[in-house]
Amino acid sequence: MATEEIRVGGTVQGVGFRPTVYRLAKACGLGGDVCNDGEGVLIRVSGSEEAITKFVARLQTECPPLARINQLIRTPYEGEFKFDDFVISTSVNNVIKTEITPDAATCPQCQQEIFDPFSRFYRYPFTNCTHCGPRLSIIRAIPYDRCNTSMSAFAMCSECKKEYYDVENRRFHAQPIACHVCGPAAWLERADGKSVTASMFSMLDDVDAVCTLLQKGEIVAIKGLGGIHLACDATQETVVQKLRQRKKRYHKPFALMARNIEVIEEYCSINAKEKELLTSSAAPIVLLQATGKKVVAPSIASGQNTLGFMLPYTPLHHLILRRMNRPIVLTSGNLADEPQCIDNDEAREKLGTIADYFLFHNREIINRVDDSVVRVVGDKVQTIRRARGYAPASISLPLEFHKVPQILAMGSELKNTFCLLSEREAILSQHLGDLENAAAFNAYRENLNLYLNLFEHQPEVIAIDKHPEYLSSKLGKELADTNKIKIYHIQHHHAHIAACMAENGISLDSSPILGIALDGLGYGDDSTLWGGEFLLADYRSFKRLATFKPVAMIGGEQAIYQPWRNTYAQLVAANLWNDCEQKYLDLEIVKFLKNKPLQLLNQLIEKRINSPPASSVGRLFDAVAAAIGIYREECSYEGQAAIAMEAIVDVSSLNNDKETLIYPFSFGFLDSIYCIDPRSMWQALLNDLQQQIPQPVIAAKFHKGLANAIVEMVKHLSQENLIDRVVLTGGVFQNCILLEQVSKRLQTLGIKVLTHSLVPANDGGLSLGQAVIAAAQLIHEC
């Protein structure tokens with residue numbers, strides 16, 4: 001007889017892991033116990049060595065659907081052993097080293113039960129089991145037990161207790177278990193305060209009534225899993241426009257939810273990988289190609305050829321959409337740029353002028369969790385926003401990171417996340433939004449405190465972006481000063497590259513990789529704004545090898561929202577404005593710019609008055625879009641013009657290899673590094689406009705020309721540096737056409753291309769890069 005202690009780490013709490021251990025231990029004839037503790041799951045077993053080995057093997061192959069074993073350590077057990085049978089013991093509180101499971105979409109078995117009239121869970125909107133349901137959104141502390149969640153307010157009835165303690169039941173130790181008798185309840189309210197009952201609509205209940213309200217063209221605020229959403233019929237343009245005006249979200253695309261895959265297929269094409277994502281336990285919003293067979297309201301995603309669809313991921317949503325044969329809008333319940341509401345009273349106050357009705361429930365949302373957004377590029381998943389379903393699952397780092405102390409990385413200003421790094425595991429927060437909004441910054445601070453307490457994370461090092469005005473950087477500096485701990489200032493684009501290296505498992509001692517980081521802007525080492533960078537980098541340091549020609553951002557931040565400013569700045573920088581006034585006076589863009597206060601703009605450029613030069617490829621996209629008439633005057637969100645231009649690209653021109661269908665770029669020097677100059681591209685583009693070449697063809701020529709210029713620069717740099725791997729990162733590489741064009745061309749040269757999948761290429765992945773750079777520099781210093 002042997003007696004062992006088995007320590008299991010990873011995603012092993014709240015996912016039915018202990019019941020699986022119990023079942024397998026009994027099947028293998030072992031005695032002992034299993035419990036949750038701060039490090040994960042602790043198992044003590046006694047039996048023959050053969051039986052224990054068989055038990056461990058089955059545990060790894062029969063792991064529950066939502067579980068993930070990161071480590072399994074077997075050691076002889078030397079303590080007193082008093083177990084004749086195998087039991088599940090009470091959880092133990094100690095140092096936190098385990099993971100919190102992301103919220104999981106309703107499993108097929110629970111879906112079946114809520115529509116089964118003979119089930120006690122029939123039409124119960126909070127049905128769940130160990131394979132699905134709330135996790136991060138309801139947890140206050142680890143271990144993940146009911147007393148540490150918002151379900152502690154609901155005492156289990158006898159039937160739920162019976163299932164909870166029945167090892168053969170799917171709900172054995174499912175912490176949020178509840179039913180009509182003992183659990184949370186949902187109800188409908190009118191925004192005007194008048195009473196409402198489901199009987200007014202002859203519906204089954206308040207949840208069913210929501211479907212009728214949506215079909216009638218009403219706007220309903222729905223409290224879901226990680227926040228409150230605003231919903232309406234996605235096929236009624238009048239109500240969609242009403243929602244946009246009330247919410248003050250004038251152009252950003254709305255997310256859609258449909259009852260099932262069949263409904264989505266009426267509006268979009270779906271490949272196997274996209275279907276897998278839609279039906280996964282993460283159930284993210286998936287960006288899909290619109291087919292035009294059926295169309296949603298025009299203002300759902302104007303200027304785009306994709307729609308963001310998700311499937312119902314809670315019983316509440318399944319029940320609402322049971323009778324809905326068309327998509328609904330399901331967008332964050334907030335005013336533009338503010339955090340999503342999670343509290344009933346807060347929603348009544350802030351959403352009362354937006355929604356006509358509220359569907360509330362009384363299960364408290366502890367942690368705000370937005371919907372995740374992904375898309376498929378080629379055969380690879382690209383994460384655009386990492387939140388519900390994915391956060392806060394940890395990202396395992398290369399082995400060499402196991403020695404680092406606890407590190408806190410503060411992230412960026414926009415699309416913020418923060419990162420906790422400890423013992424080879426990086427925990428990224430869910431997407432927290434743009435910190436320039438005061439409410440979002442307050443929510444960021446609250447979430448940061450929550451995570452630090454939840455994971456008992458006591459950072460010895462803090463990593464921040466180098467930009468001195470980022471609120472996240474200022475807060476990080478304040479925390480470092482207050483707690484007298486070391487702080488690292490991390491360059492923005494180096495962090496982008498390091499994040500991609502980390503998620504691709506690149507070793508700490510790996511030789512430097514060429515990272516191409518293209519985005520809106522980031523603070524450079526020379527105190528200028530960068531945004532089109534070629535950096536030879538490892539985790540510790542980087543060398544800037546090449547960049548795009550810096551061009552003034554006239555008016556600073558205004559240039560982000562008024563693309564014409566970038567067009568004029570580009571033409572001036574290329575010394576082409578005199579040509580415009582002489583040779584291209586009939587062009588719409590020239591006539592448009594002639595009506596602007598050019599003398600004042602020239603002074604701003606020359607004297608650099610709120611017009612800093614930036615090597616931003618994001619602004620180059622805006623400039624080209626405005627030149628050909630796409631969102632020329634104004635954008636309501638960053639990148640709107642660029643996204644719209646990508647959507648109209650002529651596919652036949654894109655796939656044609658003729659040199660005449662590729663815009664040329666020039667190459668030169670900026671100080672001591674190489675530089676890509678778009679002057680020749682602008683000359684060719686102006687000629688095309690004069691010849692009235694269609695927008696889609698010009699857009700295709702620009703994308704191909706830019707991709708070609710990037711690859712030519714890589715070829716040139718390869719002659720001077722040993723380059724066999726290239727990282728493509730930064731928000732600009734969320735452009736599928738550019739990503740695919742550059743990747744394909746580099747791969748034909750025999751260069752391995754590393755891209756993002758687990759974390760966003762945009763600033764949402766920046767905190768991971770900050771954390772691993774700080775860790776690498778710390779290891780190097782030691």
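1. Is tyrosine 77 buried or exposed? In this predicted model, tyrosine 77 comes out buried, its relative accessible area being 18%. The cut-off for buried is under 20%, so that value falls on the buried side.

2. Counting ring pairs across the model gives 20 aromatic pairs. Take tyrosine 77 with phenylalanine 81: the ring centres are 6.1 Å apart and the planes sit at 75 degrees, so this one is edge-to-face. The call rests on the angle, because planes over 60 degrees apart count as edge-to-face. Phenylalanine 81 itself is partly exposed, at 23% relative accessibility.

3. Another edge-to-face pair worth a look is tryptophan 564 with phenylalanine 592, at 6.4 Å centre to centre and 65 degrees between the planes. Tryptophan 564 belongs to helix H15 (residues 564-573) and phenylalanine 592 to helix H17 (residues 588-594), so the contact ties together parts that are 28 residues apart in sequence. Both partners are inside by the numbers: tryptophan 564 is buried with a relative accessible area of 4%, and phenylalanine 592 is buried with 18%.

4. If you're browsing for aromatics, there's also a cluster. Phe418, Phe441, Tyr444, Tyr451 and Phe455 group together as one aromatic cluster.

5. Two arginines are worth checking against rings as well. Arginine 171 lies over the face of phenylalanine 121, 3.9 Å from the ring centre. Over at phenylalanine 254, the charged end of arginine 244 sits over the ring, 4.0 Å from its centre.

Conventions. Residues are numbered from 1 along each chain as its sequence is written. This is a predicted model: local features need pLDDT of at least 70, side-chain atom pairs count only at pLDDT 80 or more; totals for chains, interfaces and linings use all residues. Side-chain values use heavy atoms; hydrogens and water are left out. Rings of Phe, Tyr and Trp (its six-membered ring) pair if their centres lie within 6.5 Å; planes under 30 degrees apart count as stacked, over 60 as edge-to-face and the rest as tilted. Buried means under 20% relative accessible area, exposed over 50%, partly exposed in between (1.4 Å probe, protein chains only). Helices (H or I, at least four residues) and strands (E, at least two) are DSSP runs, numbered from the N terminus. A charge sits over a ring if NZ of Lys or CZ of Arg is within 6 Å of the ring centre and within 35 degrees of the ring normal.
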